[in-house]
Amino acid sequence: MTSHQNTQTMKPATAAKKLGVYLPATPSEFQEGPVSRAELNALQADPPQWLRDLRRDGPHPRPVVAAKLGVSIAGLARGGVTEALTSGQIEALKDERPEWLEKERATQADVRKETARIAERDAARAEKAARAED
């Protein structure tokens, strides 16, 4: 009995998300059809020039913009950033240091501290529970 192996494909939007690029900025041949898992792996292993350029210069999707600015995606929206930004625009925002960006960075730092505190607390509880079982 032979088994047929279907080629796993994904929508271009999914592939762009996995590659960390803004779909409307990709070449039309990438946007037009499904992307196979093998094609995605090849793009990740040996990115073509267009992909290297997009990753370096943008425009970048919101998750990448948020990470580069050190804020959450919701923080971007609160700051009025709803479009994809280029690397130059991101650097300009970093240099300008608008009030909303400073506020959102502080909020993000507080969230990270709280997450670390909770993780420490949970680890201490788990250790205490493990000792109690002995």
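What covers the buried residues of α5? The cover includes α6 (73-78), α7 (87-96) and α8, where contact means heavy atoms within 4.5 Å. Helices (H or I, at least four residues) and strands (E, at least two) are DSSP runs, numbered from the N terminus.

This is a predicted model, in which local features need pLDDT of at least 70 and side-chain atom pairs count only at pLDDT 80 or more, while totals for chains, interfaces and linings use all residues. Residues are numbered from 1 along each chain as its sequence is written, and side-chain values use heavy atoms, with hydrogens and water left out.

**Helix α5 and its surroundings**

- In helix α5 (residues 62-69), the buried residues are V65, A66 and L69; buried means under 20% relative accessible area, exposed over 50%, and partly exposed in between (1.4 Å probe, protein chains only).
- These buried residues line one face of α5, because they fall within an arc of 100° when seen down the helix axis; the arc is that of the directions from the axis to the C-beta atoms.
- An α-helix has 3.6 residues a turn, so residues three or four places apart point the same way.
- G70 follows α5 and has a positive phi, near 75°.
- Q108, a residue of helix α8 (residues 99-133), touches G70, V71 and S72, not counting residues up to four places away in sequence.
- Q108 counts as buried because its relative accessibility is 19%.

**Nonpolar cores**

- The largest nonpolar core has 11 residues in all: M10, A15, A16, L19, V21, F30, V35, L40, L43, L51 and L54. A nonpolar core is a set of buried Ala, Val, Leu, Ile, Met, Phe, Trp, Tyr and Cys residues joined through side-chain atoms within 4.5 Å.
- At least two residues of this core come from each of α1 (12-19), α3 (37-45) and α4 (49-57), and α1 gives the most, with three residues.
- A second, separate core of 10 residues includes A66, V71, V81 and I90.
- V35, a member of the largest core, touches Q8, T9, M10, P12, A15, F30 and L40, leaving aside residues up to four places away in sequence.

**The loop residue A25**

- A25 is found in the loop between α1 and α2 (28-32), and it counts as partly exposed because its relative accessibility is 30%.
- Beyond residues up to four places away in sequence, A25 touches Q31, L54 and P59.
- A25 and L51 are 26 residues apart in sequence and 9.8 Å apart in space, C-alpha to C-alpha.

**The chain as a whole**

- The protein chain has eight helices and two strands, and from the N terminus on its elements run β-α-α-β-α-α-α-α-α-α.
- Its radius of gyration is 21 Å, whereas a compact globule of 134 residues would have one near 14 Å; the radius is taken over C-alpha atoms, and the globule rule is 2.2 Å times the number of residues to the power 0.38.
- Along its principal axes, the C-alpha trace spans about 60 × 55 × 25 Å.
- Of the 134 residues, 26% count as buried.

**Confidence**

- The mean pLDDT of the protein chain is 90, and 96% of its residues reach 70 or more; pLDDT is the predictor's confidence in each residue, from 0 to 100.
- Among the elements, strand β1 (residues 9-10) has the lowest mean pLDDT (88) and α7 the highest (94).
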